[in-house]
Amino acid sequence: MTDLATYNFAYLDEQTKRMIRRAILKAIAIPGYQVPFASREMPMPYGWGTGGVQVTASIIGPEDVLKVIDQGADDTTNAVSIRAFFQKVANVAVTTHTSDATIIQTRHRIPEQKLGENQVLVYQVPIPEPLRFLEPRETETRKMHALEEYGLMHVKLYEDIAHNGRISKTYAYPVKVDGRYVMDPSPTPKFDNPKMHMSDALQLFGAGREKRIYAVPPYTEVVSLDFEDYPFEIQKFEQDCALCGAHGVYLDEVVLDDKGGRMFVCSDTDHCEDRREHGHVGEMLAPSKEAAE
Amino acid sequence: MNIKTQALSGGFGEPVFESQSVFRMLMDGMARPGSIRSVEPDVGQPDPFGGAAGAIALTLCDHETPVWLSAGLTKTAVPEWIGFHTGAQITREKAEARFAFVEAGATLASFGLFSAGTQEYPDRSTTLIIEVAAFGEGQTLTLTGPGIQQTTIVKVKGLPEVFARLWADNRALFPRGVDVVLTAGKSMLCLPRTTKIAIQ
């Protein structure tokens, strides 16, 4: 532990950790309710996951194995730098394999592989208040949550249908937690919303700039808001992953040239690599097709 | 040992790592109500404090969290011990307390005077740490609610007599309400306000 001399374990001082830990316990006790906390300045800008980092720093211990994903990928800037941060300040083991991790910090995706009871998912949240774009005043949104007055959100979804013929929200799709609080599931694609429902894993949400922590305990109802005649639907992809051939997973579109060439690949890089290691091949990697051309 | 010496002894040997391990037990316990966990570190708490209750005090209390103690605890070295090790202020006002510790067998007439938070800020409520005689024997509690897949059944000996009624009243306040941690020696069991309890 001598190489940690410059920082306390996991960067934050112990008093800050206690304050965040108390907020986390209350957040778990009131599913979906946003607990205010005294967010600290972190050695990275707001918007880079300072909320998630503070939550992770407060719960992580020397025995944990950390995985960090950014839009499903382990190898993008945000994920790499946060992983390196915790290697430096907490000296913890890190992994890219979903099944090996005990804490997974995520910016807007839930891994394709089902999470287990021994895992905690920590979300980095930019705007925790689902009603904020409908009502800018904090005093008013707080009152709306207090009175369980969510009519405005249903009006917004209804107007979507009136304008576009469908609910056009594709990410940060509002959910109701345990039949009480309407919650912003952070800007995850709505494709991931059903995975939050009755999850085996504890889910914690940290918003650093907005100074809020909230939580969804395991085995808790998480229902995406909808109407009887316009039920909630997740995105469907016609293509399979071009590299691993996976179907029914969330895909990213990658532009290949300036002539309209493009490919669709798994957003969850670990899931994709794991499938390829097990011999699954998508159309762009298939040797038979190359030979035929 | 006189009270002064008791108050100054004990505490975490490795404060950073031991408080993290105790917190993770509390977090997992709150997330999975009714699961029984045992704290590992020995914190040398004065009687009649239990090992788990002492470890929880060291993990969560500091100068920002007024602590209320039941009558049986105030007459012992516990107030000085908490004050010395955590810096928390001991309060006699239940409504001010962020944490309240109750010794085994103490009569608990009501949760009503503890803070239940407000409708706008339900998180500003007291967390009660109640010592019971033992887990695994005594009354059978059937738990349902968030964090529990179907039902969790636990046996608790030495629950305050009127606990079922107190808890039903507490449930009715939701989202306001107190949260409870039951401790028995080094073991603990969490009951967040969302948990429904049927007692046989």
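User: What makes up 47% of the 293 residues in chain A?

Analyst: Buried residues do; a residue is called buried if 20 or more other C-beta atoms, placed from the backbone, lie within 10 Å of its own, exposed if 12 or fewer, and partly exposed in between. Please keep in mind that this is a predicted model, where local features need pLDDT of at least 70, side-chain atom pairs count only at pLDDT 80 or more, and totals for chains, interfaces and linings use all residues. Residues are numbered from 1 along each chain as its sequence is written, while chains are lettered from A and ligands numbered from 1 in the order in which they are written.

User: What makes strand 8 of chain A mostly covered?

Analyst: Six of the six residues in strand 8 (residues 202–207) are buried. Leu202(A), Leu204(A) and Gly206(A) point one way, and Gln203(A), Phe205(A) and Ala207(A) the other. Strands here are DSSP runs (E, at least two residues), numbered from the N terminus.

User: How do you know which strands pair with strand 8 of chain A?

Analyst: Pairing takes at least two bridges found by DSSP. Five bridges join strand 8 to strand 5 (residues 120–124) of chain A in parallel, and five join strand 8 to strand 9 (residues 212–216) of chain A in the antiparallel sense.

Technical notes. Helices (H or I, at least four residues) and strands (E, at least two) are DSSP runs, numbered from the N terminus.
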